[in-house]
Amino acid sequence: MSEDLPEILGVALLETLYMTFGASLIGLLMGLPLAVILVTTRKGHILESEAIHKSLAFVINMTRSFPAIILIVLLLPLARWLVGTSLGMHAALVPLSIGAAPFIARVLETSLNDVPFGKVEAALALGANPWQVIRKVLIPEALPSLIRGITVSVIAVLGLTAIAGTIGAGGLGSLAIRYGYQRFREDVMISTTVLLVLIVQLTQWLGDRLAITFSSERT
Amino acid sequence: MIRVEKLSKIYRTSLGSVPALQEIDLQIGAGEIFGIAGYSGAGKSTFLRCLNRLEEADSGRIVIDGEDIRLLNRHDLAQARRRIGMIFQHFNLLDSRNVADNIAFPLELAGQNYAQRRARVEELASLVGLSDKLLSRPSQLSGGQKQRVGIARALALGPRVLLCDEATSALDPPTALQILELLQDLNQRLGLTIVLVTHQLEIIRGFCSQMALLDQGRIVERGPTARIFRSPESLIGKKLLDVGQKLFRPAEVMA
């Protein structure tokens, strides 16, 4: 296998990148609207609704209280129904995205909550409707902080893909378990770890750069 | 221009109910600069924020420019707010936009296209003396300049009323004076009706022809500013004006 190592690693790396960024993107598409709903239905906010806020918060907390591996196993039937199989990186996107969404929602909720409410009131006083407040005040004003939150989320999803790898998702996590751990292949263990470290470092660097770009635009 | 009848609001907290406004009756004429003063917590900001329903009153009536504000539905309220400008103590500009886009914000909300907005923004910027700052970011401006942007933004849709919530309280005295002179100028040039809430009595004395004094959610004095400063009728009015005079008397006179 030593000769094949670069090729196997390359395939696993691509699988991991696909799962990480794919699940992050789908998680973001679900998480951002959830975060907006969490913030705007809060007491005193533009779409105040205790019922919606509390039930959404309950569902999010519940989803987040499952240990990752359990949640992934529980969602495998859904993956089989949607993708046709419960194995491989495409199937893994389903539980990964659903696992990531509530986490992303909570992280982005914090960023949106940090926008001073006076700015929202100023927009309302100028005749803004709730949708305009969300699109033109909350999201643009929170943007640098949202980008930092998304960076944290991508790295958390990378961790999830490694867990999913243990039950047939593929990727670097799977490689590390099957070859590195179960077959005592130290070279596989070390190279997968190095690659994971590199992904985290690069993601964080990119996120920081983007956040700085968007906040320095305002100074 | 503004008529308020029996306006009341109660704050309900876990510790009990606190009356914030108690049966406020007030008339503000078109083209006036009307001052509302009182101690902190007297209800003056709450009153102002009830006028454009940033806060909801519990009962009473508010008529602005012939419109019964408290009866409007959500959509009509947003429309009505476009005819009532407001500026704030902490300016509340958007940091994600430059000065021009901040001024254009209400125009954008109202659905105007880029060309319409651009012409209007230049007009407004020259009105408040910021023509050379259009591309600056709010964080690059001084407090006084920020409030000028706030004023230009509030006037963008040509409102007939401007609500000022402690608009000069975060500024140093010379800058505050400049902003007040700008407001006075706008009042005269545009016939703008201005409602000015402040805890600084000397501002009301210098710039408002009519005033009301609030205490614990009630109006305790109302009428021409000159008359109230000369001979306040209420005990709280006497006290407040007395404190004001001691605070702002020149130092050598005090010693």
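Strand β4 (residues 59-64) of chain B is joined to β5(B) by 2 bridges, and the two run antiparallel. Helices (H or I, at least four residues) and strands (E, at least two) are DSSP runs, numbered from the N terminus. The model is predicted: local features need pLDDT of at least 70, side-chain atom pairs count only at pLDDT 80 or more, and totals for chains, interfaces and linings use all residues. Residues are numbered from 1 along each chain as its sequence is written, and chains are lettered from A and ligands numbered from 1 in the order in which they are written.

B:I64 has B:E67 in β5(B) as its bridge partner. An open sheet of 4 strands in chain B has the order β2-β1-β4-β5, with antiparallel pairing; strands pair if DSSP finds at least two bridges between them. β2 (16-28) and β5 (67-68) of chain B are at the edges with a single partner strand each, so one side of each has no neighbour in the sheet.

Between the chains, 17 residues of chain A are in contact with 19 residues of chain B (contact: C-beta atoms, placed from the backbone, within 7 Å). On the chain A side, α5(A) gives the most, with 6 residues. The table divides that side by class; Ala, Val, Leu, Ile, Met, Phe, Trp, Tyr, Cys and Pro count as nonpolar, Asp, Glu, Lys and Arg as charged, and the others, Gly among them, as polar.

| Class, side of chain A that touches chain B | Count |
|---|---|
| nonpolar | 8 residues |
| polar | 5 residues |

Leaving aside neighbours within four places in sequence, B:A152 is in contact with residues including B:I103, B:L124 and B:V128.

Terms used
Contact = placed C-beta atoms within 7 Å.
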